[in-house]
Amino acid sequence: MREFEQYIDGRFEKGQATFESIDPATQKPWALMPRAGAQDVDRAVRAAWRAFADPQWTGLTATQRGKLLFRLADLLEQAVPDLAELETRDTGKIIRETRAQIAYIAEYYRYYGGLADKMDGRYVAIDKADTEAYQQREPIGVVAAIVPWNSQLFLAAVKLAPALAAGCTVVLKASEDGPAPLLAFARFVHEAGFPPGVVSILTGFGEDCGKALTSHPLVSRIAFTGGPETARHIVRNSADNLAYLTLELGGKSPVVVFPDADLDSTVNAIISGIFAATGQSCVAGSRLLAHRDILPALLDRLSERAKTIRIGPPDVMQTEFGPLATDRQRRHIVDLIARSLAAGATLVTGGQVPPGFETGFYFEPTILLCDDPQTPCLREEFFGPVLSVLPFEDEADAIANANDTPFGLASGLFTRDLARAKRVTARLRAGIVWVNTYRMISPLMPFGGFGLSGLGREGGSEAILDYMRTKSVWVRTSDEPIADPFVMR
Ligand code: NAD
C-alpha cells in the first residue's frame, strides 16, 4: 500500500499513527494516511505562529508573496494529471471532472497572487490639528483551514490563496476521507519556496485533529467547509479563543423552471446541477421546482437522460458518473430515499445500486416526485445523486417553495422572461442565483450562502479582507510640546 506523509514546519513526515484509505470504486484499502492527533496539530500551529513573526516570511513584500503564489499555480498546473489521478483514486470522483477542476484551481492562486500587492490602506482626513491618521492593513495571523472530502484541492485553494496573499500562515486539515491529493499537493507548496511553517498540511479525524485545531489558542481565523452540525462544534470549539469564522456549509438548492424556459438547455443544466460529481456537491441543484404545465415534458426528458448517464469506473475518461465517496454516504442516501417514499414520494427513476456495479459505492442517478413540500427528500441534504421534484402553480408559489428551507447556498432560475428573472432573483434567499445556467464558478465571484449555508464568502476580491485586519495609526506632526493633559482639545 502506498503511504502518504504529512507536512509540518517545512518537513515531510510519516504519521505516528495511520489509517487506511479506501478506494471507493473497489472498496479496498489502497493507501496509508497519517492520522494527526492533538500533538501534531500543536506542532503545526506553533510552527505557523513562529513563521508569522519570522522575517523569512514577514520580510517578503506583498509583491514577492504574490510571486510565490504564481509559482505554486505553475507547479499545480504541471501536476494536474498526477493530482487528478490521486483524487479520482481516493474519492471516486471521475477523472474527467478532477482533471478539469484541478486545472482551473491554478487560476485561484493566480488571482489572489495578483491581488496581494493591491490591498492599499487608507489615509483619513482627520478632524484634529497637527495630526495625520491612516489605516493600514495587516495579515490576521494563523489560519486554521478545514475541508470536507469533495473537491479538497479546490476548497483548500479558496482558503490558502487569499490567506497567503494577505500574509497569513496556514494549518490546513484535509478530510479523513480522500486526503491523498491534498497531502500530495504539499510537495508543491514546498517546491514553490514558502518558508517552513507558513503552510502545514495534515489530516486526521474531526473529534481529535479537527477539534484540537479549531480550539487552539494561537489560531486567529478559522475557514471551514463542511456540514452544519460540524460547524456548530467549531463555533463552540473556537468560543474561548474568539477566532474569526468563515463557514461554508451545506445546501438544498432550488432550481425553478417556468413554462417559457428553453427545455433542451434547462434539461442539460439540471442534469449537470444534480448528477455532476455524483451529486456530492454543496451547490447541487437538488430541488427541482417546475411549473405544473411544463412538469410532464421536463420529467420525461430528465428521466430519459438520467437513465442513459454512463456509469463506470472513475478512472476511465468516458465515464460520466462514478461511485460515491464512502459507504456511509450511500447508507445515508438509501435511508433518506426510504423515508421519503414512506412519506408519499414517487420514484421516477433510479433508487438502486446499478446492476453490474455491486462492488464499489455506486448508486443510480435518482429522481423522486413529491406533492408535499414537507417530504424529507425536499428538506434534508442528500449530498448525493438524488433530484427531488415539486410542481408549482405560479410565480409566488415558486418563490415561497424555493425559500422554504433553512439553507440558502445556491439557486437556479430558468425563464426567457427577463423581467421575471429580475423579480424572482431579487426574492430568492440564496447566496448565488444562476439565471438560465447552473454551476458556474470563478475566482472573481464571491461564493457562499445565507442561513444554515454559512457565514462569509469565499472567492472574489473581498475574500482577501477576511485574512486581514486594520490598524489605525495616529501620528502627531507638531514639534510644539503637548499641552496640559487635563484640558480637552
Ligand atoms: P463534515 O462536516 O463531516 O467534515 C468536514 C471536515 O470537518 C472534515 O475535515 C472533518 O474531519 C472535520 N471535522 C469533523 N468534526 C469536526 C470537529 N468536531 N471539529 C473540527 N473539525 C471537524 O462534512 P463532510 O461530510 O466531509 O462534507 C459534506 C458537507 O460539506 C455537506 O454538508 C456539504 O454541503 C458541505 N460542503 C459545503 C461546501 C460549500 O462551499 N458551501 C462545499 C463542499 C461541501
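User: Which residues lie nearest the centre of the second largest pocket, and how many residues line it?

Analyst: Glu-97, Ser-272, Ala-276, Ala-277 and Arg-439 lie nearest its centre, and 29 residues line the pocket. Keep in mind that this is a predicted model.

User: What makes a residue count as part of that lining?

Analyst: A lining residue has an atom within 4 Å of a point of the pocket. Helices H5 (95-115), H6 (152-166) and H10 (263-275) each supply at least two such residues, and H5 gives the most, with five.

User: How do you know which domains the lining of the second largest pocket draws on?

Analyst: At least three of its residues come from domain 1 (2-248 + 459-473), and at least three from domain 2 (254-435).

User: Now the largest pocket: why is it said to lie between domain 1 and domain 2?

Analyst: Both domains give residues to its lining, so the largest pocket lies between them.

User: What lines the largest pocket, and which residues lie nearest its centre?

Analyst: There are 39 lining residues, with Pro-148, Phe-224, Gly-226, Gly-227 and Thr-230 nearest the centre. Helix H9 (228-237) is one of the elements that supply at least two residues, and H9 gives the most, with six.

Key. Residues are numbered from 1 along each chain as its sequence is written. This is a predicted model: local features need pLDDT of at least 70, side-chain atom pairs count only at pLDDT 80 or more; totals for chains, interfaces and linings use all residues. Side-chain values use heavy atoms; hydrogens and water are left out. On a 1 Å grid over the protein atoms alone, a cavity is a set of points where a 1.4 Å probe fits but cannot get out, and a pocket is an open set with protein on both sides within 12 Å along at least five of seven lines; lining residues have an atom within 4 Å of a point. Helices (H or I, at least four residues) and strands (E, at least two) are DSSP runs, numbered from the N terminus. Domain bounds come from an automatic or database domain assignment.
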